[in-house]
Amino acid sequence: MTTTPQQRTAPVVRAARPHPQAITSLVLGVAGLTLTAGITSPFAWRKAQQALAAIDAAPQEHRGRGLAQIGRVLGILGTVLLVVWLVLGFATDALPVDIGDVFKTALNQALGPNAIVYALAAIGLNIHFGYTGLLNFGQAGFMAVGAYGLAVSIVILELPFWGGVIIALLAPVALALVLGFPTLRLRADYLAIATIAAAEILRLAFGSVELKDAFGGSNGLTGYASSYQAMNPYADGLNLGFVEFSRRDLWSITVGWTLVALSLLLVWGLMRSPWGRVLRSIREDEDAVRSLGKNVFAYKMQALILGGVFGGLAGLFLALKQASVVPADYSTNITFFAYTALLIGGAARVLGPLAGAVIFWFLIAGLGSFFGQATSGPDPLMPTFIMDDTQASLVRFIVTGLGLMLLMIFRPQGIFGDRREIAIDGR
Amino acid sequence: MLQRLLTLLALLMVLLMPVAAAHAGDETESPAPSPSSEPAPRPDGPYVTVRLVDKDNGDAPVAGVTLTVVSEAGEEIASAATDADGRIIVPIPALGIYTVSLDETTLPDGIKLSASVASEIEVRAILDGANGGLFPIGTQEVTTVTFGERFITALTSGVKFGLIVALAALGLSLIFGTTGLTNFAHGELITFGAIMTYVFNRGMGMPVIVAGVGAVLLSALFGWVQERGLWRPLRKRGTGLVAMMIVSIGFALLLRNVYQYTIGSSRKSLSQYVSQSRRDYGPISLADKELSIIVIALVTIIIACILLMKTRLGKAMRAVSDNPALSASSGMRVDGVIASVWILGTALTGLSGVLLAINSQVNFLMGFKLLLLVFAAVTLGGLGTIWGALFGSMVIGIMVEVGPLFGVPSSIKEVGALVVLILVLLIRPQGILGRRERIG
């Protein structure tokens with residue numbers, strides 16, 4: 001099947017369509033008054049102003065002035081609400097939710113080790129998806145072999161620490177080779193299914209009872225990180241008031257952000273090189289590149305390996321920062337969250353994964369902390385029949401899912417990306 | 001677009017609302033153990049009380065089995081037979097660690113301990129009163145020992161599982177065939193059927209069969225709403241297939257967490273047909289519900305196939321799947337056909353969820369766990385072909401269930417199917433019944 005039932009007609013300007021930004025402002029306004037507690041309201045206000053200006057400039061082309069008006073009113077209301085919140089939250093104890101604490105938690109996570117793991121994983125995905133157009137849905141598998149490569153070689157094979165690190169970085173190369181040979185010649189969706197299946201196979205195998213002696217079963221492996229901890233030069237944690245890191249986390253973020261910086265430098269260099277240009281052309285038109293005499297398969301394989309090594313690095317770092325490797329950490333969700341981070345920042349941009357991971361964790365941790373506080377205590381802000389504290393921890397994932405959908409529909413290039421550079425039109 | 005999305009979301013919330021009610025009054029999930037009629041007298045001092053349950057039989061208490069309590073020093077304190085509640089109560093002279101062992105010869109006729117469980121447990125007596133322990137044993141029937149019989153049992157459950165997968169795979173394959181969408185939210189459509197059965201059954205008190213029918217109808221409606229509210233507008237905007245795939249991932253995440261939000265993360269049982277004893281049909285022994293599942297799935301698949309092969313609508317679906325542009329230019333309403341495909345596809349998928357709920361339990365992750373197996377089945381048979389989906393599902397179902405007999409570790413029996421998925425991509429990427437042109 002070569003043709004698809006997509007109607008690729010250019011968006012004809014029809015008077016029957018409301019202005020898109022009017023709808024956006026309405027949605028942001030509604031979200032501001034309900035889900036996001038005012039955070040989206042200023043944006044709703046701004047969008048509504050833009051929409052109104054556009055509609056007034058060409059009233060015969062657009063409808064939806066009413067929608068934009070409603071969006072503006074909701075946006076203003078929400079913004080007022082947001083200001084009241086913030087003032088009350090920061091200045092007084094009148095609210096059961098400590099806004100300062102929410103921001104602190106969010107910032108801590110956005111700058112902390114978790115964001116680093118996602119940034120590294122997303123850098124790998126950026127090479128796969130952003131630059132080469134390979135739809136790797138098995139980044140969790142690359143992370144898992146990195147993490148288990150380290151843990152198994154130190155705990156079970158009793159290699160020295162740096163030997164474990166080398167194995168952790170070689171394991172993703174092996175996985176990329178094994179996975180790449182059958183799948184790189186296939187269409188994007190086949191690659192997606194094959195990689196997600198491979199990642200699940202690895203997770204199930206690492207967690208299985210039968211292989212408990214080698215991989216520690218569902219409890220995983222511990223006791224390999226002592227050399228890493230021993231290298232910690234810090235005597236104390238860091239407390240700047242708005243962020244606070246323990247001694248261990250401080251060491252981890254030092255190592256982690258250095259790794260991220262070096263990785264970004266490498267990606268920046270590679271993507272400016274002729275090699276990087278070939279990758280981008282493969283994303284745009286594989287056949288054209290092939291007709292120029294390039295070995296497309298080899299380039300794709302190199303990209304898969306390189307991105308996979310970054311995935312392995314993410315797994316390695318995750319294993320080091322929490323000093324234990326548990327198969328449940330490498331479920332497919334982590335791949336999808338890393339994709340979300342990448343798409344927030346903008347695929348095919350060097351700094352996209354970094355920005356995306358930081359923003360993703362800021363939002364996730366902020367939402368988690370806000371709803372956690374709003375549902376805890378003897379007299380919670382949120383009535384328990386609407387939301388209890390276990391449900392509160394799910395809101396952020398519901399928002400993530402919705403966010404991923406909206407992002408992909410309305411702004412696939414993310415915050416910093418270029419729409420023409422995203423490999424989303426092919427199959 | 002956004003309005004439609006929000007409407008979709010609101011509708012979903014409303015649909016799931018009754019669950020909250022069901023959730024509230026539904027704390028007795030596992031069948032409550034029957035209270036023993038005559039509670040044994042409790043001794044005054046410290047005592048050890050152990051309850052013997054059969055974990056392979058829904059934690060049913062095992063009565064009349066002799067348990068012996070031995071102190072840390074190896075001194076035998078007492079032996080006692082378990083009462084109707086599977087409990088023994090043995091006074092102990094001092095606090096400490098006691099070992100409770102089981103006399104296998106006193107097990108009820110026809111069962112023996114399965115190989116993987118220990119025949120003794122340790123009880124730490126630290127309280128000057130009851131020091132309780134649960135003694136879970138696994139049992140298996142003594143009679144089924146020959147390989148042939150085990151093979152037939154595994155084959156039967158493989159066929160049953162394969163048919164359930166086939167319903168979902170048929171749905172996925174239909175939707176993929178006509179729209180080209182690799183729908184990662186398909187697992188959540190399976191869960192939708194199961195959860196709606198649970199809502200109608202536990203939340204509204206309907207009998208399971210009525211609840212199941214309702215859930216299938218609602219699944220069909222959900223499919224239509226999804227198509228109208230999400231996927232058709234995306235097609236109209238000219239959104240690429242990869243973008244749609246990522247949208248479906250977001251949708252899956254959203255749905256999965258909404259499910260968990262509403263019904264919680266524990267496993268839920270329906271009110272009827274939870275445990276049934278098996279009947280013998282020649283060499284095969286099946287519970288009534290298993291037989292019904294097989295028959296319902298088989299009949300539905302046959303009807304769906306006849307519908308696709310014989311009726312006008314079926315022909316239209318196959319035509320659109322073959323060449324949408326040509327179908328449109330020969331006067332077919334492609335959008336209408338796609339809408340009916342979504343309705344049919346999600347109804348079939350919902351039915352597989354209903355059957356899965358009746359077969360075992362309801363959980364927010366159940367569909368997601370099945371998703372990759374459904375993908376494996378569809379890929380094995382050939383993405384987008386009807387017969388391929390059916391064939392692939394049967395192979396996958398049987399392989400998953402029979403695999404452990406041939407040395408596949410049973411804790412990871414799904415892995416075999418996923419390995420096959422990757423091997424098929426290596427050797428014959430278009431699938432066994434697929435056409436070569438389908439791959440790019």
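## Exercises on a predicted two-chain model

In chain A, among contacts (heavy atoms within 4.5 Å) with a separation of 6 or more, 72% join residues 24 or more positions apart. This is a predicted model, in which local features need pLDDT of at least 70, side-chain atom pairs count only at pLDDT 80 or more, and totals for chains, interfaces and linings use all residues. Residues are numbered from 1 along each chain as its sequence is written, chains are lettered from A and ligands numbered from 1 in the order in which they are written, and side-chain values use heavy atoms, with hydrogens and water left out.

**Exercise 1.** Describe the surroundings of A:Thr132.

*Solution.*
- Step 1: A:Thr132 belongs to helix H5 (residues 113-132) of chain A; helices (H or I, at least four residues) and strands (E, at least two) are DSSP runs, numbered from the N terminus.
- Step 2: A:Thr132 counts as buried because its relative accessibility is 3%. The classes are buried under 20% relative accessible area, exposed over 50% and partly exposed in between (1.4 Å probe, protein chains only).
- Step 3: Neighbours within four places in sequence aside, A:Thr132 is in contact with residues including A:Leu279, A:Ile282 and A:Ala303.
- Step 4: The A:Thr132 side chain reaches the backbone oxygen of A:Ile127 at 2.7 Å.

**Exercise 2.** Is A:Glu158 buried or exposed, and where does A:Glu158 lie?

*Solution.*
- Step 1: A:Glu158 lies in the loop between helix H6 (139-156) and helix H7 (161-183) of chain A.
- Step 2: The relative accessible area of A:Glu158 is 64%, so this residue is exposed.
- Step 3: A:Glu158 is not a glycine, yet its phi is positive, near 55 degrees.

**Exercise 3.** Characterise the interface of chain B and chain A.

*Solution.*
- Step 1: Chain B gives 63 residues to the contact and chain A gives 62 residues.
- Step 2: The two chains bury about 5700 Å² between them, with 75% of it on carbon and sulfur atoms. Buried area is the accessible area (1.4 Å probe) that two parts lose on being put together, summed over both.
- Step 3: On the side of chain B that touches chain A, H5(B) supplies the largest share, 16 residues.
- Step 4: Zero salt bridges are found across this interface, a salt bridge being a side-chain nitrogen of Lys or Arg within 4 Å of a carboxyl oxygen of Asp or Glu.

How values were computed. A polar contact is a pair of N or O atoms within 3.5 Å; within protein, one must be able to donate a hydrogen and the other to accept it, and residues adjacent in sequence count only if both atoms are side-chain atoms.
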